[in-house]
Amino acid sequence: MIKVENLSKSFGSLKVLSAVNAEISKGECIAIIGPSGAGKSVFLYCLNALETPDSGSIRINGANISDKKIDINKVREKVGMVHQNFHLFSHLTVLENIILAPVKVRKMSRVAAVERACRLLATVSLVDKKHAYPDELSGGQKQRIAIVRALAMDPEILLFDEPTSALDPTMVGEVLAVIRNLAKQGFTMVIVTHEMNFAQEVAHRVLFMEEKGIYESGTPDEIFNDPKKAKTIAFIKKLKTFNYNVRSFDFDLIAMSTQADLFCGKYNIDRKRINNVNLVLEEMTTYILRHGYEKSRSPDIAIMVEYGDVDKEIMIEIAHDGKNIDPFEKISFMAGGKGSDTDDLGIFMVKKIAADVRFKNENGLNKFKIRI
Amino acid sequence: MEIIDTICGSIHANLIEGKAYLLILAGLKTTLVITLAGLFSGTILGALFCAMNYSKNRLLGFISKTYIVIVRGTPVLLLLMLLFYVVFARTRMDAIHIAVIAFGLNSAAHIAEIMKAALDSVDPGQVMAARALGFTRSGAFYHVTLPQASRHARPVYQNTVINLIQWTSVVGYITIADLTRVINAIGARTADPFSVIFIGIMIYLMLAYVTYLIFRLSDRKKRAVG
């Protein structure tokens with residue numbers, strides 16, 4: 001249905017896409033993932049010629065859309081698009097937003113367009129908002145309306161450009177539910193997304209974009225659980241880990257704890273273990289800052305938390321380039337925990353919480369591995 | 001009672017004697033003609049300058065920008081005098097026509113800026129969304145950009161109209177008997193300027209209020225349709 005060959009695109013001297021090839025068949029749901037700036041959105045915008053490629057061809061149902069002779073507006077009628085920031089027409093009501101293109105572009109009768117719009121609105125449970133203006137709606141409602149507006153043109157393909165990235169976390173669910181529903185109906189869809197669980201669940205195929213092109217592609221299972229190439233592996237690993245760097249004595253402890261909380265929350269880790277993770281992070285960083293570094297130099301502590309899907313274990317890795325001290329050695333020495341100061345008490349607590357603590361010094365880098 | 005008698009006498013002397021009210025009406029008509037014709041030509045010319053500003057041709061953009069800077073930065077009275085005493089001095093052109101040209105040229109610069117600001121305030125994302133739905137460039141402009149831009153421009157445009165009415169009061173310098181000049185003449189003749197100036201103020205206020213009403217009414221109509 002869509003065939004992309006040797007697609008290249010630059011902005012000035014910045015090359016964004018280089019010789020990209022892809023094929024999307026009817027009824028397929030494609031998720032595009034990858035780091036920011038990898039050209040995911042640009043690729044999507046090329047698919048309905050909102051961006052003009054420098055070279056290469058994109059064929060939709062056989063028609064080359066970069067061909068000057070082709071009526072691009074006719075092609076776009078068949079390719080629906082949902083944008084990150086909704087872009088509803090702010091001077092029109094919800095209903096007028098939906099019927100504008102069907103009436104003005106496809107010359108549908110107003111009555112038929114309104115009837116169809118109401119039917120579509122019902123599928124996203126927003127019929128009662130039909131006379132509201134966009135600025136009276138929540139983000140989630142706006143995005144559902146934007147999806148309906150695209151559907152009203154009866155498209156054969158739907159493109160989603162990070163449909164939930166501009167939403168409050170509480171509203172992501174309602175929009176994903178609508179998209180999930182469309183996927184079930186067998187719509188041909190291309191979704192650029194950062195919602196990895198969603199991508200894994202609805203997509204038939206996942207494209208990982210990196211290095212100006214499609215770096216690796218495969219089924220969700222292949223990409224998320226068994227990636228083959230180095231950058232995909234690193235990307236997926238980073239998704240599954242929490243990383244934080246401490247580079248100042250006055251680091252933002254609250255930010256670190258909140259982010260760690262959020263990370264653990266994603267895996268439904270229970271409250272007690274989350275508190276333990278936070279306790280370990282806090283005690284270890286405080287200890288390292290106080291004993292590992294002279295006040296005169298700036299610290300560099302890299303923290304990584306990883307959750308094992310299979311063994312349900314939390315692994316905390318802390319690396320710093322300060323003095324080579326192993327606080328745990330000292331603690332085991334004073335069996336019974338007769339710690340003299342509060343720092344020792346902290347380390348004692350870490351030791352009690354952890355299932356296993358390991359320390360080693362490699363090339364001047366001190367590494368702790370703490371298993372919980 | 002004496003005060004009322006004095007006021008009545010003054011009004012009588014200023015308005016009724018010598019049919020001065022006819023003069024005032026004629027002055028009002030002149031003021032309105034210059035304002036409306038100036039506004040009409042200014043709006044069309046302003047749209048043209050605005051379009052030039054967006055054109056890909058650098059020269060057109062430069063001309064438009066320079067014109068706007070010069071005209072906005074100088075008093076309209078000097079432009080009026082330049083046209084009357086220099087440019088059209090040798091022609092037998094009617095002074096009122098010259099005034100219309102001057103106010104058209106002057107308000108064009110202001111209106112071009114208003115239009116540009118209004119067009120720039122429209123979210124480009126919405127235009128992109130319209131293009132993605134299959135609208136042509138002009139279709140997207142007509143159905144998305146223009147309605148939103150005109151909504152943004154309304155209050156400022158209304159202001160311009162009210163300002164223009166008042167600016168026309170300088171046309172007396174080039175011999176035109178507009179409202180202000182007529183009032184000045186009557187006041188001088190009767191040697192009792194207070195009441196006639198007061199009447200003049202009331203008429204200008206009324207014009208401003210009528211402008212406000214017209215804008216409000218058309219706004220409401222638009223809301224009802226939209």
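**Group meeting: a two-chain predicted model**

Let me begin with a pair of strands in chain A: strand 3, residues 29–33, pairs with strand 8, residues 188–192, in the parallel sense over 4 bridges. Within that pairing, A:Cys29 has A:Met189 of strand 8 as its bridge partner.

In chain A, 6 strands form an open sheet in the order 6-7-8-3-9-10, and the pairing is mixed. At its edges are strand 6 and strand 10, the latter covering residues 213–218, and each of them pairs on one side only. On average, neighbouring strands of this sheet are turned by 20° against each other, direction ignored. Helix 5 of chain A, residues 139–151, lies across strand 6 and strand 7. Its direction is at about 170° to that of strand 6.

How many of its 11 residues are buried? The number is 8, so helix 3 is largely enclosed by the rest of the structure. The buried residues are A:Val94, A:Asn97, A:Ile98, A:Ile99, A:Leu100, A:Ala101, A:Pro102 and A:Val103. Against what do the buried residues of helix 3 pack? Their partners are helix 4 and helix 5 of chain A, together with helix 7 of chain B, residues 137–167.

The loop between strand 6, residues 79–82, and helix 3, residues 94–104, contains A:His87. The phi of A:His87 is near 55°, a positive value in a residue other than glycine. The loop between helix 3 and helix 4, residues 110–123, contains A:Lys107. A:Lys107 also is not a glycine, and its phi is positive, at about 55°.

Are these residues buried or exposed? A:His87 counts as buried because it has 23 C-beta neighbours inside 10 Å, the threshold being 20 or more. A:Lys107, by contrast, is exposed, with 8 other C-beta atoms within 10 Å.

Let me now describe chain A as a whole. Its secondary structure comes to 13 helices and 15 strands. Its radius of gyration is 26 Å, whereas a compact globule of 372 residues would have one near 21 Å. The C-alpha trace spans about 85 × 45 × 40 Å along its principal axes. Of the 372 residues, 39% count as buried. Among contacts in chain A with a separation of 6 or more, 63% are between residues 24 or more positions apart.

Chain B is built from 9 helices and 0 strands. One packed pair in chain B is helix 2, residues 20–54, with helix 5, residues 95–120. Their axes come within 5 Å and cross at roughly 45°, which means that helix 2 is oblique to helix 5. The crossing of these two helices is right-handed.

The overall values for chain B follow. A compact globule of 226 residues would have a radius of gyration near 17 Å, but the value for chain B is 22 Å. Its C-alpha trace spans about 75 × 50 × 25 Å along the principal axes. Of the 226 residues of chain B, 34% count as buried. Residues 24 or more positions apart supply 74% of its contacts with a separation of 6 or more.

Note on methods
Residues are numbered from 1 along each chain as its sequence is written. Chains are lettered from A and ligands numbered from 1 in the order in which they are written. This is a predicted model: local features need pLDDT of at least 70, side-chain atom pairs count only at pLDDT 80 or more; totals for chains, interfaces and linings use all residues. A residue is buried if 20 or more other C-beta atoms lie within 10 Å of its own, exposed if 12 or fewer, and partly exposed in between; C-beta atoms are placed from the backbone. Two strands pair if DSSP finds at least two bridges between them. Axes are lines fitted to C-alpha atoms, for helices over the stretch in contact, and angles run from 0 to 180 degrees between N-to-C directions. Two residues are in contact if their C-beta atoms, placed from the backbone, lie within 7 Å. The radius of gyration is taken over C-alpha atoms; the globule rule is 2.2 Å times the number of residues to the power 0.38. Angles under 35 degrees count as roughly parallel, over 145 as roughly antiparallel, 65 to 115 as roughly perpendicular and the rest as oblique. A crossing is left-handed if the near helix is turned anticlockwise from the far one by less than a right angle, and right-handed if clockwise.
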